Structures are given as structure tokens and as C-alpha cells.
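Visitor: I would like to learn how to read a site in a model. Please take me through it one feature at a time.

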Amino acid sequence: ITDFVSANQVTTDLANQLITRAEEFKHGAQSNLALPIYAANLFFEPSTRTHTSFEMAERRLGMTVMPFDPRQSSVTKGETLGDTLRTLAAIGVQVAVIRHPVKSYYQSLLAEHLPLRIVNAGDGAGQHPSQMMLDLMTIHEEFGHFDGLKIAIVGDLTHSRVAKSDMQLLHELGAELTFSGPKAWYTKEFEPYGPYQPLAEIVPKVDVLMLLRVQFERLSDAEKAEFSESTYHERFGLSDKLYPKLRKSAIIMHPAPVNRGIELADDLVECPQSRIFAQMHNGVFMRMAMLELVCQQPLQERSLTHALAH
Ligand code: CP
């Protein structure tokens with residue numbers, strides 16, 4: 001594939017291929033990509049991990065990174081995202097990593113057949129394929145397989161592009177998913193992937209407890225006014241009281257940033273069963289594998305079939 005935008009494009013074979021390649025990079029493998037390759041990272045929403053991790057991955061692959069700050073760009077004068085990308089391509093940028101608040105922003109761009117590769121670093125409450133892939137890598141590293149693993153995805157499901165990406169592939173790879181958190185956030189789109197269960201019932205059974213950030217920036221004013229940090233933590237968070245019920249072999253994941261004391265107790269963020277910083281570390285190697293994949297494929301062979309399927 002030349003554009004990596006959605007979980008919909010990723011077959012189980014491709015997921016396993018990328019995990020293998022990311023593990024090779026983690027163990028010191030070098031890429032044989034034909035350089036120079038120029039990359040630009042266009043982040044229209046805030047990011048710490050994804051932005052720096054993609055840039056680290058690009059640098060480790062030997063790419064040249066063109067700085068791009070949306071606030072200082074001609075997007076502020078009304079230039080479209082399509083024209084911005086055409087401009088970057090004309091200047092010589094071959095791959096654009098984009099985070100954007102508009103869900104599925106990439107669909108119209110792909111239809112424009114722009115002369116550069118697009119990697120989605122998160123689209124609103126839509127998809128977050130690189131987070132999905134680094135999560136798969138982290139689970140695979142721990143257990144060596146996905147089949148039959150009991151994985152709970154807990155928290156702000158509605159706003160989470162991580163949940164929506166991860167559930168697709170984890171389901172296809174044979175994991176048994178359950179969901180928890182505020183019941184109103186378990187909407188119809190989650191039902192085909194697994195049932196809702198109260199957190200206290202799930203915690204003793206799971207292999208992976210994947211907690212999600214409460215996305216305050218996407219809550220309505222009414223939701224924000226009603227929100228109580230302590231009530232959320234008590235009912236839907238991993239508290240110090242609930243933590244001992246987790247199996248010793250189970251791992252805690254969270255895409256981060258973490259709201260300490262809300263999704264999980266402050267002291268659990270770096271507890272022995274937490275893989276939160278391991279996820280971030282793995283993200284660099286997985287993003288190297290993803291960037292290598294899209295840059296190896298000639299643009300002339302671009303196929304939109306999978307990307308446009310949804
Ligand atoms: N997990 C994640 O996407 O973090 P950032 O928003 O900091 O990139």
C-alpha cells in the first residue's frame with residue numbers, strides 16, 4: 001500500500017508482517033530504502049507521542065524531515081489541505097504524515113491522487129492506524145499471539161479512534177474483546193466486536209486491560225459540567241482497590257496521554273504490569289515499518305480499493 005490511513009486496509013497477514021519488521025528494527029535491523037526521501041509531518045491537532053515518534057522513525061530510516069507548522073503555514077490564509085499537499089509534493093516531499101480533527105479527512109485527498117504518500121496519524125474520532133499497529137506489537141511482544149486473548153477496552157469509547165482501530169484488527173486476529181466504561185459511550189458500532197461488561201467483572205479475567213483517555217476536548221459543555229473525576233475513577237478507572245484483582249500475567253495498556261487519577265491511579269501508570277511506556281517505545285519501530293512499507297511501493301501502483309472501502 002502507498003497510503004496508510006485506516007485499519008480497514010490492514011489484513012491479518014499485513015499486521016503480522018509489520019509486527020515482524022518492527023521487531024527486526026527494534027533489534028537493530030537497517031532499512032534499505034533508496035534515499036533521499038523527504039517527509040513532512042502535518043499536525044493540525046496537538047500531539048506529543050505520535051508526532052515525535054513519526055519524526056524519530058523518519059530520522060532512523062535516514063529520511064530528511066521538512067518542518068511544517070500549520071499555524072505558520074498558508075492554511076491560515078485559506079489554502080486547502082489538498083493544495084498544501086500538492087505544494088509540498090512540488091517542492092519534493094514524498095510522504096506526508098497527517099493528523100487532522102476532521103474524521104476521514106483522507107478520503108477526499110486519496111480521491112485526488114496526490115503525488116505523495118499519505119500516512120494518517122489520527123483523524124478526529126475516526127482512525128489511528130499507527131497506534132493500532134504499535135498496540136498490536138506490544139501485545140504480540142508480551143504473549144506471542146492474539147488468538148483467544150481476553151482484551152478489555154475501557155473508557156471513552158465514543159471519542160476514541162484508538163478503540164475503533166484496535167477493535168477491528170484484534171477481533172480479526174482472534175482476540176476476545178469486551179468493552180467497559182460509561183454505558184452511554186458503548187454505542188452500536190462496538191456491538192459486533194464484543195459485549196459490554198462492568199469493569200469489576202472484567203478485571204479479574206483479562207489478559208490485557210486497555211484503558212482509554214477521557215477526551216475532555218471532545219466532550220460537550222453539558223458533559224464536561226456533569227463530569228466528576230472521582231466518580232469516574234471509582235466506577236470506570238483502574239483504582240488501587242481494583243488493581244490487586246488483575247491477574248499477575250495481565251498487562252495494562254493506555255495510548256496516553258494519561259489523565260492520572262482518572263483512567264488509572266497515579267501510582268499504577270508505571271507499575272510492573274503497565275506497558276504504557278513500552279507502547280511508546282515500540283511506536284518508533286512500528287512507524288519505521290509502516291513508513292518503509294508505503295515508501296517501498298511505487299506511487300504509480302497506488303491502489304485505492306481498500307482505503308476507499310469505508
Ligand atoms: N497516543 C497518542 O496519539 O498520543 P499523542 O496525542 O500525544 O500523539
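Guide: Helices (H or I, at least four residues) and strands (E, at least two) are DSSP runs, numbered from the N terminus. Here His128 sits in the loop between β4 (117–123) and α5 (129–143), while Gln131 belongs to helix α5. The model is predicted: local features need pLDDT of at least 70, side-chain atom pairs count only at pLDDT 80 or more, and totals for chains, interfaces and linings use all residues. Residues are numbered from 1 along each chain as its sequence is written.

Visitor: Why does His128 count as buried?

Guide: A residue is buried if 20 or more other C-beta atoms, placed from the backbone, lie within 10 Å of its own, exposed if 12 or fewer, and partly exposed in between. His128 is buried because 26 other C-beta atoms lie within 10 Å. Gln131 is buried too, with 24 such neighbours inside 10 Å.

Visitor: Which residues does His128 contact, leaving aside neighbours within four places in sequence?

Guide: Contact means C-beta atoms, placed from the backbone, within 7 Å. On that basis His128 meets Gly122, Arg161, Val162 and Ser165. Gln131, with residues up to four places away in sequence not counted, touches Val162, Ser165 and Pro255.

Visitor: Which residues are around the ligand?

Guide: A residue is near a molecule if its C-beta atom, placed from the backbone, lies within 6 Å of it. The shell consists of Ser47, Thr48, Arg49, Thr50, His51, Gly122, Gln131, Pro255, Ala256 and Pro257. Helix α2 (residues 49–60) gives the most to this shell, with three residues.

Notes. Two residues are in contact if their C-beta atoms, placed from the backbone, lie within 7 Å.
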